[in-house]
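Please look over the structure below.

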Amino acid sequence: SKKVTTSEAKELFSEGSGLCFDDANNYSPILGEWGEGIRAELGLSSLTYCRSLIYAIKKGKGTAAHFDQNINFVIQISGTKKWWIAPNEHVDNPLTRHTIGIDIDPELASYTKSAMPNKLPENATEFTLKPGSVLFVPRGSWHMTEALSDAISLNFTFTAPTWLDILTTALRGRLAQSQHWRE
């Protein structure tokens, strides 16, 4: 991926590239309000990182099989898009994203239960999203997509702090009290 100007994005999209408008909540206050409202309704910690993304995908294009370290709600705005979602039996509670066919992050590799697959697991469930459809993608679930027509979706993602995050932050705060640890 790369950051481009509006005119470059329009040209890339017409050539078949998908577009991701990352952190759209930083540009639209209402998206920020909706994300925070969803976070609160879910009972997630106020320390949860929530953001919204807008995807514009050309017909026949999509995402490779991968999993994310966050939970995701997808709202299909226009067009039709297929999703395939499968449980992740390779790693529980991942701390990072992984895409099939890409080298695995060394830390992620240190706690996987088994080797990563070379394709989406066979037990994937297929969903077809049309305008107005909402889909929940649990943290760590394998998933991939394909647009059946030019499609736009709005995603809200939530990355809640893990126990690891809380412990290491508290430990750092405590150790920062010592001049020896600050050395």
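β1 and β2 (residues 49-57) pair in the antiparallel sense, over three bridges. Two strands count as paired if DSSP finds at least two bridges between them. The model is predicted: local features need pLDDT of at least 70, side-chain atom pairs count only at pLDDT 80 or more, and totals for chains, interfaces and linings use all residues. Residues are numbered from 1 along each chain as its sequence is written, and side-chain values use heavy atoms, with hydrogens and water left out.

**Sheet**
- Five strands make an open sheet in the order β1-β2-β10-β4-β8, with antiparallel pairing.
- β1 and β8 (134-137) stand at the edges with a single partner strand each, so one side of each has no neighbour in the sheet.
- Neighbouring strands of this sheet are turned by 20° against each other on average, direction ignored.
- α2 lies across β2, β4 (71-78) and β10 (151-159), and runs at about 50° to β10.
- Axes are lines fitted to C-alpha atoms, for helices over the stretch in contact, and angles run from 0 to 180 degrees between N-to-C directions.
- Helices (H or I, at least four residues) and strands (E, at least two) are DSSP runs, numbered from the N terminus.

**Cysteines**
- C20 stands opposite Y55 in β2.
- At 40% relative accessibility, C20 is partly exposed.
- C50 counts as buried, at 12% relative accessibility.
- Buried means under 20% relative accessible area, exposed over 50%, and partly exposed in between (1.4 Å probe, protein chains only).
- The whole structure has zero disulfides; a disulfide is a pair of cysteine sulfur atoms within 2.5 Å.

**D23**
- D23 sits in the loop between β1 (19-21) and α2 (29-42).
- D23 is buried yet has no salt bridge.
- The nearest side chain of opposite charge is R51, 4.0 Å away.
- A salt bridge needs a side-chain nitrogen of Lys or Arg within 4 Å of a carboxyl oxygen of Asp or Glu.
- Lys and Arg count as positive, Asp and Glu as negative; His and the chain ends are not counted.
- Leaving aside neighbours within four places in sequence, D23 is in contact (heavy atoms within 4.5 Å) with Y49, R51 and S52.

**Whole chain**
- The protein chain has five helices and 10 strands.
- Of its 183 residues, 34% count as buried.
- The C-alpha trace of the protein chain spans about 60 × 40 × 35 Å along its principal axes.
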